[in-house]
There are 2 protein chains.
Amino acid sequence: MPNIDTFMRATIDEARAGLAEGGIPIGSVLVHDGRIIGRGHNRRVQQGSAILHGEMDALENAGRQPASVYASSTLYTTLSPCAMCTGAILLYGIPRVVIGENRTFMGEEALLRERGVEVEVLQDPECIELMRSFIAANPELWNEDIGKEQH
Amino acid sequence: MPNIDTFMRATIDEARAGLAEGGIPIGSVLVHDGRIIGRGHNRRVQQGSAILHGEMDALENAGRQPASVYASSTLYTTLSPCAMCTGAILLYGIPRVVIGENRTFMGEEALLRERGVEVEVLQDPECIELMRSFIAANPELWNEDIGKEQH
């Protein structure tokens, strides 16, 4: 079992909390000055939401922050961020993103890097397994979440 | 079949509703099959929200939709979409965006076009005046909304 840091542990705990609620198991936390200032998970199922991906939920739960806070924060997420969450990271100028895995879904990491964001991908086995089982059991829900046509 | 002006009128009405609530005057509507299926406005002030820009609010109010609906929808917005709202448009594969104006803020229109989204900018005088007066009176709130450092 790899040694994952406290913040990725909290991020995975968020994903598991979402799964326990019957939701899509993706979690995220926003860290500033060594402290979690926002945490969240995907709420598509729980709140019928089209915009509350894990990262968006963490940003929303962090509340209104000055630009200087975002500019010195790190966003953790269990899964490679989609275009929407990538756009939110760019809007707020968050300089660093730590990603649990990008094996089950490759988000807009290239765009993040192109815009100067530091991107670290852990390929954490627990994150991969969480999504792999979820997608296998719920392919339609997963496709809906990433805007893909149903098969 | 209602013409384009009907939808931009509804979009501006949303912006004005936001202003009347003490909020940032940016509105948006999502149109599918000649009908508005979601409408909204910026709710940063009203709900203390970091993610409810006008476009995000319209998407959220449209509820969970299948990919085929987004793929044949048009998003109207009074102002050029920021990186976050642009990302949401790309996530859901919305093929067309009608923008009230980009004089007071230039969003990620180049990225939208690069990804094949049809972008139409009206440079509507009413949209420009709404934002111009608002920004002049509330520069700090506006900078917060677009992730910019305060002066």
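Colleague: Helices (H or I, at least four residues) and strands (E, at least two) are DSSP runs, numbered from the N terminus. Which helix of chain A holds A:T86?

Modeller: A:T86 lies in helix α5 of chain A. Some ground rules. This is a predicted model: local features need pLDDT of at least 70, side-chain atom pairs count only at pLDDT 80 or more, and totals for chains, interfaces and linings use all residues. Residues are numbered from 1 along each chain as its sequence is written, chains are lettered from A and ligands numbered from 1 in the order in which they are written, and side-chain values use heavy atoms, with hydrogens and water left out.

Colleague: Is A:T86 buried or exposed?

Modeller: Buried. Its relative accessible area is 0%. Buried means under 20% relative accessible area, exposed over 50%, partly exposed in between (1.4 Å probe, protein chains only).

Colleague: What is A:T86 in contact with, leaving aside neighbours within four places in sequence?

Modeller: A:P81, A:E108, A:L111 and A:L112. Contact means heavy atoms within 4.5 Å.

Colleague: At what angle do the axes of α3 and α5 of chain A cross?

Modeller: Roughly 35 degrees, and the axes come within 8 Å. α3 covers residues 54-62 and α5 covers residues 83-91. Axes are lines fitted to C-alpha atoms, for helices over the stretch in contact, and angles run from 0 to 180 degrees between N-to-C directions.

Colleague: Which residues meet there?

Modeller: From α3(A), A:E55, A:M56 and A:L59. From α5(A), A:M84, A:C85 and A:A88. They divide into five nonpolar, no polar and one charged. Ala, Val, Leu, Ile, Met, Phe, Trp, Tyr, Cys and Pro count as nonpolar, Asp, Glu, Lys and Arg as charged, and the others, Gly among them, as polar.

Colleague: How many residues of α3(A) are buried?

Modeller: Eight of nine, so to speak mostly covered. Among the buried ones are A:G54, A:D57 and A:A62. Just after α3(A), A:G63 takes a positive phi of about 80 degrees.

Colleague: New topic. Which residue other than glycine has a positive phi near 55 degrees?

Modeller: A:D33. It sits in the loop between β1 (27-32) and β2 (35-41) of chain A. A:D33 counts as exposed, at 68% relative accessibility. A:Q123 is not a glycine, yet has a positive phi of about 45 degrees. A:Q123 lies in the loop between β5 (118-121) and α7 (125-137) of chain A. With a relative accessible area of 25%, A:Q123 is partly exposed.

Colleague: How many helices and strands are there in chain A?

Modeller: Eight helices and five strands. Read along the sequence, the pattern is α-β-β-α-α-α-β-α-β-α-β-α-α. Of the 151 residues of chain A, 62% count as buried. The C-alpha trace spans about 40 × 35 × 30 Å along its principal axes.

Colleague: And chain B? What rotation superposes chain A on chain B?

Modeller: One of 180 degrees, with 0.0 Å of shift along its axis and an RMSD of 0.0 Å. That is the relation of a two-fold axis. In chain A, the C-alpha nearest the axis belongs to A:G87, 2.4 Å from it. Copies are superposed by least squares on the C-alpha atoms of residues with pLDDT of at least 70 in both.

Colleague: Why do we say the copies meet through the same surface?

Modeller: Because 100% of the interface residues of chain A are also interface residues in chain B.
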